[in-house]
Number of protein chains: 2
Amino acid sequence: MAARDGEETKRRILSAAEELFAEKGFDGTTIREVAERSGLSGPLILFHFQSKEGLCEAVKDAIVRRWQADLGGTFVPKGAAGAFVETMIEAAFAFYHDNPTMVRIANWGRLAGDDAPWGGEEEIHRWYRASLVEAQRRQEIRDDISPLAITALISGAVHVWWEFRGHMEEHVRQGSYDPISDDAYLDQITSVIRRGLAPREGSEEKEA
Amino acid sequence: MAARDGEETKRRILSAAEELFAEKGFDGTTIREVAERSGLSGPLILFHFQSKEGLCEAVKDAIVRRWQADLGGTFVPKGAAGAFVETMIEAAFAFYHDNPTMVRIANWGRLAGDDAPWGGEEEIHRWYRASLVEAQRRQEIRDDISPLAITALISGAVHVWWEFRGHMEEHVRQGSYDPISDDAYLDQITSVIRRGLAPREGSEEKEA
DNA sequence: GTCTATACTTAGATAGAC
DNA sequence: GTCTATCTAAGTATAGAC
């Protein structure tokens with residue numbers, strides 16, 4: 001069926017596999033399913049990627065590569081001085097929005113015990129820490145909260161919003177909560193976190 | 001091997017299965033593994049629970065039942081008026097600490113697309129919402145943040161701390177962050193969230 | 001209630017023709 | 001490079017003795 005073009009074939013396989021791995025996890029996906037979705041045969045997949053394991057690694061590699069090519073765009077605002085916390089929340093929020101399959105594949109992996117950082121992740125966290133420490137030095141945010149706690153608080157607020165989405169929608173449907181939009185949520189947590197991190201005296205910051 | 005006591009046998013099976021489901025997920029666990037860990041035979045497991053599916057449902061049921069029996073203890077502080085947000089953070093934090101297998105099994109399920117609320121979860125969320133709305137009415141916390149956003153912010157901060165633990169430890173190990181203790185994290189996020197939710201004027205609350 | 005033996009199904013992977 | 005046919009291993013589940 002395919003154009004007898006190795007590179008194109010590999011791309012097709014990777015694309016189908018990434019979708020399926022995101023949906024059902026690595027263990028929950030069979031080579032046959034990847035074959036079906038890509039319109040190719042199982043043995044051809046193994047021909048190009050040696051084993052299922054190899055296919056998984058290739059998918060992760062492809063995601064990381066794509067992500068790194070994109071990093072300049074998403075994370076570059078290193079200059080943004082005063083509003084670093086807002087920038088960080090926004091970037092995390094946008095990241096989850098823009099990379100759903102990567103997030104889901106990472107989630108499957110983490111549950112399965114894979115705690116190793118992905119691709120350029122370390123670099124980003126070092127940048128987070130450095131920027132937060134710098135903001136603390138400049139008294140732009142409180143210095144009695146550790147950078148790790150700030151990062152976790154922000155990551156958590158964003159993670160839950162996107163990853164518990166269906167679950168929270170159930171609660172909304174049952175009348176436990178009133179729904180709010182993505183933008184409203186982003187604004188509201190930004191406001192809470194920003195005010196919660198504002199230094200004690202004087203520095204009342206203007207509200208958005 | 002077992003004492004030919006059906007109830008005791010079921011308990012053993014459920015216990016082994018719960019551990020394994022938490023570790024590896026439902027799909028990632030085989031009946032043979034449950035048999036091995038419980039010291040019983042595969043067919044005996046199927047005799048008592050009909051199918052693997054039946055075993056999974058039974059494990060979930062057992063967890064929910066245990067949880068509900070415990071709810072009075074963990075979540076009862078309905079009286080705690082002023083400090084509701086603190087109470088809520090503490091309860092969530094303690095819950096993750098005390099119920100690791102339940103949390104992991106719920107995580108596997110959610111990733112696999114099971115968004116239905118568990119057991120008495122709805123009740124708890126209705127209580128959250130009601131308590132938050134009441135606190136807003138009393139002007140104890142800001143009323144421009146939706147209860148859903150507050151719940152998500154708190155759940156997220158707690159979720160990430162326990163569920164990204166190994167992952168964050170990797171970042172600490174690589175020098176991206178300085179480590180902090182569970183208690184320090186709990187104190188710090190409580191402080192940030194509490195201050196972030198404090199009403200605008202006058203009501204400067206005393207710090208812990 | 002519990003086990004051993006085994007049937008049936010599906011997964012990953014290989015052989016070999018084209 | 002790609003497919004069909006097939007092997008082998010592993011999973012769920014059943015049969016039937018004890």
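## Around DNA strand C

Helices here are DSSP runs of H or I with at least four residues, numbered from the N terminus, and a residue is near a strand if its C-beta atom, placed from the backbone, lies within 6 Å of it.

This is a predicted model, where local features need pLDDT of at least 70 and side-chain atom pairs count only at pLDDT 80 or more, while totals for chains, interfaces and linings use all residues. Residues are numbered from 1 along each chain as its sequence is written, with chains lettered from A and ligands numbered from 1 in the order in which they are written.

Which residues come nearest to DNA strand C? Of the 19 around it, they are A:Thr30, A:Ser51, B:Gly6, B:Thr9 and B:Ser41. Sorted by class, this surface has 9 nonpolar, 6 polar and 4 charged residues. Nonpolar covers Ala, Val, Leu, Ile, Met, Phe, Trp, Tyr, Cys and Pro; charged means Asp, Glu, Lys and Arg; the others, Gly among them, are polar.

## Around DNA strand D

DNA strand D has 19 residues around it, with A:Gly6, A:Thr9, A:Ser41, B:Pro43 and B:Ser51 closest.

## Where the chains meet

Chain A and chain B each put 45 residues into their contact, where two residues touch if their C-beta atoms, placed from the backbone, lie within 7 Å. On the chain A side, α8(A) gives the largest share, 11 residues. That side is made up of 21 nonpolar, 15 polar and 9 charged residues.

## The cores

The largest nonpolar core has 56 residues, and A:Leu153, A:Ala157, B:Leu153 and B:Ala157 touch the most other members. A nonpolar core is a set of buried Ala, Val, Leu, Ile, Met, Phe, Trp, Tyr and Cys residues joined through C-beta atoms within 7 Å. A second, separate core of 36 residues includes A:Ala22 and B:Leu55.

## A look at B:Ile193

B:Ile193 sits in helix α10 of chain B. Why is B:Ile193 counted as buried? Because it has 24 C-beta neighbours inside 10 Å; the cut-off is 20 or more for buried, 12 or fewer for exposed, and partly exposed in between, with C-beta atoms placed from the backbone. Leaving aside neighbours within four places in sequence, B:Ile193 contacts residues including A:Val192, A:Gly196 and B:Val85.

Conventions: Helices (H or I, at least four residues) and strands (E, at least two) are DSSP runs, numbered from the N terminus.
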